[in-house]
Amino acid sequence: MADTSLFEQLDHDRFRATELARGPWDPDALHGGPPGALVAGALEDVVAAFARDELTSDDGTTVSFFPARFTAELLRPVPLDELVVHTTLRRPGRKICIADATLTGPDGKVCLAATLATIRRHPFEQPRADEVATPPPASGGWGVKIADGEQVMFARDGVEHRVVAGRFEDPGPATDWIRLAVSMVDGRESTPLERVIAAADFGNGVSKWFDMDEALFLNPDLTVNLHRLPVGEWVCIDAVTRLGAEGVGLAESLLFDEDGPIGRATQSLLVEGR
């Protein structure tokens with residue numbers, strides 16, 4: 001396997017997806033996690049550039065923004081091909097800063113649109129400890145058995161899984177520690193936000209109620225709310241899927257690092273038989 005990253009950077013806003021980013025539904029399309037994480041990283045950059053260029057004080061102090069909410073809308077399959085990221089700063093501000101992005105395929109059509117809402121960082125004493133129990137550590141979990149195949153794919157080859165509750169192979173809720181096995185973009189280290197987004201998109205797969213050859217359970221969106229960025233490489237998703245009676249579902253994941261909870265992710269689901 002020659003690829004060592006999910007994307008190769010061609011210039012400042014152009015990228016080529018590698019086979020490691022391939023998704024489970026179509027061999028020519030990406031898993032939702034890699035393009036979502038790629039765009040999240042680009043949005044972090046545009047907010048950081050605004051803070052550096054516009055909000056640096058005379059003494060050199062720069063305002064820093066925390067990525068509080070990321071939302072991606074998967075408008076069509078993201079092709080395993082060259083992609084262009086375009087970012088805009090929708091709401092510049094000293095306390096709240098919001099940026100938007102699109103991801104465009106080689107045909108010029110937008111396949112993903114995303115928003116990153118950020119909040120100014122400033123010291124504030126935490127009034128009490130969080131009462132949510134952290135799942136058992138990744139070191140005590142077991143690997144995920146994903147069917148072998150000729151084609152490289154993100155779920156098997158781009159990440160490492162350690163399940164500590166439930167089973168990936170069985171229907172129902174599960175708790176899975178996930179670590180990127182390769183870098184997001186060649187030549188640079190993945191950011192904490194990128195690692196969270198890449199892991200969070202597994203919620204519907206980890207807590208699925210159907211085999212993939214039985215039904216589709218596609219998520220047309222992903223929203224991640226954070227109160228803290230993860231420390232370390234592992235991100236845990238404690239995931240559950242709830243199904244309605246009209247082909248609609250909701251996957252919800254509590255997010256953790258080894259120090260405790262960091263946020264929550266939700267995915268709307270389109271559910272239909274094969």
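Which residues have the most contacts inside the largest nonpolar core? In this predicted model, they are Leu 6, Phe 7, Val 224, Leu 226 and Leu 255. The core holds 64 residues. Helix H1, spanning residues 33–54, gives the most to this core, with nine residues. A second, separate core has six residues. Val 164, Trp 177, Trp 234 and Phe 256 are among them. In soluble globular proteins, nonpolar side chains tend to be buried together.

The surroundings of Phe 7 were examined beyond its neighbours within four places in sequence. Its contacts there include Phe 15, Arg 16, Ala 17 and Thr 18. Leu 30, Pro 34, Pro 35 and Leu 38 are also in contact with Phe 7. Leu 83, Met 184, Val 185 and Asp 186 complete the list.

Helix H3 covers residues 192–200. Eight of its nine residues are buried, so the helix is largely enclosed by the rest of the structure. The buried set comprises Leu 193, Glu 194, Arg 195, Val 196, Ile 197, Ala 198, Ala 199 and Ala 200.

Strand E5 (residues 96–104) is mostly covered, with seven of its nine residues buried. E5 pairs with strand E4 (residues 82–91) in the antiparallel sense, over seven bridges. Arg 91 lies opposite Ile 98 of E5. Four residues link E4 to E5 in a hairpin. E5 also pairs with strand E6 (residues 110–120), again in the antiparallel sense, over nine bridges. Here Ala 99 has Leu 116 of E6 as its bridge partner. The hairpin formed by E5 and E6 has five residues between the strands. In its turn, Gly 108 has a positive phi of about 85°.

Technical notes. Residues numbered from 1 in each chain as written. Predicted model: local features only at pLDDT ≥ 70, side-chain atom pairs only at ≥ 80, totals over all residues. Heavy atoms only, no water. Core = buried A, V, L, I, M, F, W, Y, C linked by side-chain atoms within 4.5 Å. Buried < 20%, exposed > 50% of the residue type's maximum accessible area, 1.4 Å probe, protein only. Helix = DSSP H or I, 4+ residues; strand = E, 2+ residues; numbered from the N terminus. Contact = heavy atoms within 4.5 Å. Pairing = 2+ DSSP bridges.
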